[in-house]
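Here is a short report on one protein chain. Keep the sequence and the model side by side as you read.

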Amino acid sequence: MSASSSPSPVPVRTSDPSAPGPTAAELLDFVRRTAADTALIASLPLDPEGRTWIRLDGPGGSEAWLIGWPPGTGTGWHDHADSIGAFLTAAGTLKEHALAARLPTDGWKTLELADDVDRARELTAGQGKAFGRHHVHEVLNESATEHAVSVHAYYPPLPRIRRYSRTGAVLRLEQTERPEDWQ
């Protein structure tokens with residue numbers, strides 16, 4: 001994740017490594033409850049130029065973020081590798097474009113996608129979704145004037161993010177980022 005402004009992170013609780021991690025449904029419940037915390041949502045500094053974020057204490061050792069989206073910003077196509085996750089719009093409206101197809105996890109650089117794999121959904125305040133491993137999507141704030149704010153949680157904490165470019169039906173792996181790249 002990159003942004004032009006980065007508030008100090010909130011300390012993250014460590015968890016018992018032998019305990020099972022949270023499920024996607026539990027992560028969705030967490031982001032829903034967190035998004036309802038109006039004081040927390042209001043505490044996020046919003047930058048007109050780039051995304052901002054605060055790291056949160058997620059459940060069961062998960063990685064969680066509160067993210068501010070200026071008008072016209074987005075993530076580009078990416079996945080969260082081996083992590084499951086959930087996100088929910090806390091303010092404004094976000095659009096998610098996703099692929100309804102299980103892609104090979106490694107060993108490819110370019111794929112031609114079938115005609116029926118594209119999914120799009122608009123997520124207004126209070127709406128979100130949970131997702132499984134290797135979920136390929138992009139998230140956008142298409143508003144020309146309004147910020148959006150969202151809450152995200154991933155388990156296990158993100159080991160990497162793969163970034164893709166997309167031209168028509170062709171999806172191309174462009175880059176693999178690791179946590180040290182986001183510091």
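## A proline in a loop

Start with proline 156. This residue is partly exposed, with a relative accessible area of 28%. The model is predicted, so every value here is computed from it. Proline 156 is placed in the loop between S10 and S11.

Which residues does proline 156 touch, leaving aside those up to four places away in sequence? The contacts are Asp82, Ser83 and Arg133. Histidine 80 is 76 residues away from proline 156 along the chain, yet their C-alpha atoms are separated by 9.9 Å.

Most residues other than glycine have a negative phi, and most peptide bonds are trans. The peptide bond from tyrosine 155 to proline 156 is cis, with omega near -5°.

Alanine 81 is not a glycine, but its phi is positive, at about 55°. Alanine 81 belongs to the loop between strand S3 (77–79) and S4. Is alanine 81 buried or exposed? Its relative accessibility is 0%, so alanine 81 counts as buried.

Histidine 134 also has a positive phi, near 65°, in a residue other than glycine. Look for histidine 134 in the loop between S8 and strand S9 (137–140). With 9% relative accessibility, histidine 134 counts as buried.

## The whole chain

Now step back. The protein chain has two helices and 12 strands. Along the sequence, the pattern is α-α-β-β-β-β-β-β-β-β-β-β-β-β.

The protein chain has 183 residues, and 45% of them count as buried. Its accessible surface comes to about 8,900 Å². Carbon and sulfur atoms hold 50% of that surface. Residues 24 or more positions apart account for 77% of them.

## A sheet and its helix

Five strands form an open sheet. Their order is S1-S2-S10-S4-S8, and the pairing is antiparallel.

Strand S4 (residues 84–91) pairs with S8 in the antiparallel sense, over four bridges. Within these strands, leucine 88 stands opposite glycine 128 in S8. Helix H1 (residues 24–35) packs on the sheet. The helix touches S1, strand S2 (63–69), S4, S8 and S10. The direction of H1 makes about 20° with that of S4.

## A threonine in the helix

Threonine 34 lies in helix H1. At 10% relative accessibility, threonine 34 counts as buried. Residues up to four places away in sequence aside, threonine 34 touches Leu40, Ile41, Leu56 and Val151.

One of these partners is leucine 56. Threonine 34 and leucine 56 are 22 residues apart in sequence. In space, they are 9.4 Å apart, C-alpha to C-alpha.

## Rings and a charge

How many aromatic pairs does the structure hold? There are two. Tryptophan 108 and tyrosine 164 form a stacked pair, 5.7 Å centre to centre, with 5° between the planes. Tryptophan 108 lies in the loop between strand S5 (93–99) and strand S6 (110–112), and tyrosine 164 lies in strand S11 (residues 161–167), so the pair ties together parts that are 56 residues apart in sequence. Both tryptophan 108 and tyrosine 164 are buried.

Phenylalanine 131 and tyrosine 154 also form an aromatic pair, and this one is tilted. Their centres are 6.4 Å apart, with 55° between the planes. Phenylalanine 131 is in strand S8 (residues 128–131) and tyrosine 154 is in strand S10 (residues 148–155). The pair links distant parts of the chain, 23 residues apart. Phenylalanine 131 and tyrosine 154 are both buried.

One more ring takes part in a contact with a charge. The charged end of arginine 51 sits over the ring of tryptophan 69. That charged end is 4.9 Å from the ring's centre.

Methods. Residues are numbered from 1 along each chain as its sequence is written. This is a predicted model: local features need pLDDT of at least 70, side-chain atom pairs count only at pLDDT 80 or more; totals for chains, interfaces and linings use all residues. Side-chain values use heavy atoms; hydrogens and water are left out. Rings of Phe, Tyr and Trp (its six-membered ring) pair if their centres lie within 6.5 Å; planes under 30 degrees apart count as stacked, over 60 as edge-to-face and the rest as tilted. Buried means under 20% relative accessible area, exposed over 50%, partly exposed in between (1.4 Å probe, protein chains only). A charge sits over a ring if NZ of Lys or CZ of Arg is within 6 Å of the ring centre and within 35 degrees of the ring normal. Contact means heavy atoms within 4.5 Å. Accessible areas come from the Shrake-Rupley method with a 1.4 Å probe; for residues, only the protein chains shown count as cover. Two strands pair if DSSP finds at least two bridges between them. Axes are lines fitted to C-alpha atoms, for helices over the stretch in contact, and angles run from 0 to 180 degrees between N-to-C directions.
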